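Here's a quick walk through the packing inside this protein. Have the structure open as you read.

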Amino acid sequence: MRHDCLRGPGHYNAAMPRILPPQFSLPAPRLSRRSLIAGALGFAANIALGGAAWPAQTPGFARWVEGFRARAINRGISEQTYNRVMHALTPDSSVYAAVRSQPEFTEQTWQYINRRCSEWRVNTGKARAKEYASLLARVEKDYGVDRFTLLGLWGMESSFGDVVTNSKYMRPVIPALAALAWGEPRRRKYWEAELLNALTIVERGWGQPADMIGSWAGAMGHTQWMPEVWLRMGVDYDRDGRISPFGKPDDSLAGTARYLLERGKWRRGEAWGCEVKLTAGHARLADNRSMRTYAKWQELGVKRADGAEFARPNDPVKLWLPVAGGPAFLVGQNFRAVYSYNPSTNYSLALVHLGDLVRGDPPF
């Protein structure tokens, strides 16, 4: 399948090749709901600094646990499960600092992309593409999601599984979710719902508290599923009788493809977009809103940066200039599908670029 786009990768200890000079920057966007679900690597630096210093259980938290009991029972959590998980639980208060310092919204655009599109991550992605070729081909056939987009997401979220069980970056998610549900008032309903989802997973026997480790926000496994995604989008793709984001990547990749298809409205066969060249007069058209076909943009003088023809000229896209003076892009529905997984344009652009670099395409 031909793709009208370009590609990219990055591990924290790897060399970080430059994509653009550092003067190209973008103001940090506002915090949004799915930003709190970003992958473990996105939060690794903050988690490493914040640590998992859990205070002794306070009387206020103990009272909250008792008050929350009725919500859990009403959801179908047994008294036995609730007592086993929540009795004497100590909230992970280090999550409060993590909420305030998410790299998707604090790092400049090209700084963020450079760090995540490293040589290590590209090379590892290429190795995983070969190792899991048959699995990726089957997922691509069943859900229509491009295998290299999935590889980009897998690399962004857990460095292809490298940090799934690494205690430096991961932590038990139930103490983290409990702390957020108790003490993070801005999104309390959301965190309460995810804590209930996590307890439901334990109730069903899909996972045990000690095994449910992930990011500060409660995201777990290869592609960093939140508990709600695990419950509602998960797929038993390896047919072992259970759904799990841990272990083999089969369930994670299939469930994530299902998410992109059903919630992100992924379009089979379409590219996410591509880098384009703009003349000085074209910049005014980059409003990131007006949808036109590739063919119509071409009539207006917008051309692919590599000089090739648009492979699917009738697909609708919009013109986006992330940073004045930097690369410009035509982006379509499949870029939006990636954005639905974590609504940060920095994250989305790094992810699709990583996937394209793994494919073998050149950098921006």
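In this predicted model, helix α2 (residues 59–75) and helix α10 (residues 173–183) cross at roughly 95 degrees, with their axes coming within 11 Å. That makes the two helices, α2 and α10, roughly perpendicular. On the α2 side you'll find Gly-60, Phe-61 and Trp-64, and they meet Ala-178, Ala-181 and Trp-182 of α10. Sort the contact of α2 with α10 by class and you get five nonpolar residues, one polar and no charged ones.

Now for the rings. The count of aromatic pairs in this model comes to 17. Here are two of them, taken from those described below:

| Pair | Distance between ring centres | Angle between planes | Class |
|---|---|---|---|
| Phe-61 and Trp-64 | 5.7 Å | 25 degrees | stacked |
| Tyr-143 and Tyr-237 | 6.4 Å | 50 degrees | tilted |

Phe-61 and Trp-64 count as stacked because their planes sit at 25 degrees, and the cut-off for stacking is under 30 degrees. Both belong to helix α2, and since they are three residues apart there, about one helical turn separates them. Phe-61 and Trp-64 are both buried, too.

Tyr-143 belongs to helix α8 (residues 133–143), while Tyr-237 lies in the loop between α12 (227–233) and α13, so to speak 94 residues away, and the pair links distant parts of the chain. Tyr-143 and Tyr-237 are buried as well. Elsewhere, ring pairs join Trp-110, Trp-272, Trp-320, Phe-329, Phe-335 and Phe-364 into a cluster.

What about the nonpolar core? The largest one has 89 residues, and the members touching the most others are Met-86, Ile-174, Trp-191, Leu-195, Trp-230 and Leu-349. Take Leu-195: leaving out residues up to four places away in sequence, Leu-195 touches Trp-64, Phe-68, Met-86, Ile-174, Leu-177, Ala-178 and Ala-181. There's also a second, separate core of twelve residues, including Tyr-294, Val-302, Val-317 and Ala-328.

Is Trp-266 buried or exposed? With 7% relative accessibility, Trp-266 counts as buried, although this residue is found in a loop, the one between α13 (250–262) and β3 (273–277). Beyond its neighbours within four places in sequence, Trp-266 has contacts that include Gly-144, Val-145, Asp-146, Thr-149, Asn-334, Ala-337 and Val-338. Val-145 is 121 residues from Trp-266 in sequence, yet their C-alpha atoms are 7.0 Å apart in space.

Terms used. Residues are numbered from 1 along each chain as its sequence is written. This is a predicted model: local features need pLDDT of at least 70, side-chain atom pairs count only at pLDDT 80 or more; totals for chains, interfaces and linings use all residues. Side-chain values use heavy atoms; hydrogens and water are left out. A nonpolar core is a set of buried Ala, Val, Leu, Ile, Met, Phe, Trp, Tyr and Cys residues joined through side-chain atoms within 4.5 Å. Buried means under 20% relative accessible area, exposed over 50%, partly exposed in between (1.4 Å probe, protein chains only). Contact means heavy atoms within 4.5 Å. Helices (H or I, at least four residues) and strands (E, at least two) are DSSP runs, numbered from the N terminus. Axes are lines fitted to C-alpha atoms, for helices over the stretch in contact, and angles run from 0 to 180 degrees between N-to-C directions. Angles under 35 degrees count as roughly parallel, over 145 as roughly antiparallel, 65 to 115 as roughly perpendicular and the rest as oblique. Ala, Val, Leu, Ile, Met, Phe, Trp, Tyr, Cys and Pro count as nonpolar, Asp, Glu, Lys and Arg as charged, and the others, Gly among them, as polar. Rings of Phe, Tyr and Trp (its six-membered ring) pair if their centres lie within 6.5 Å; planes under 30 degrees apart count as stacked, over 60 as edge-to-face and the rest as tilted.
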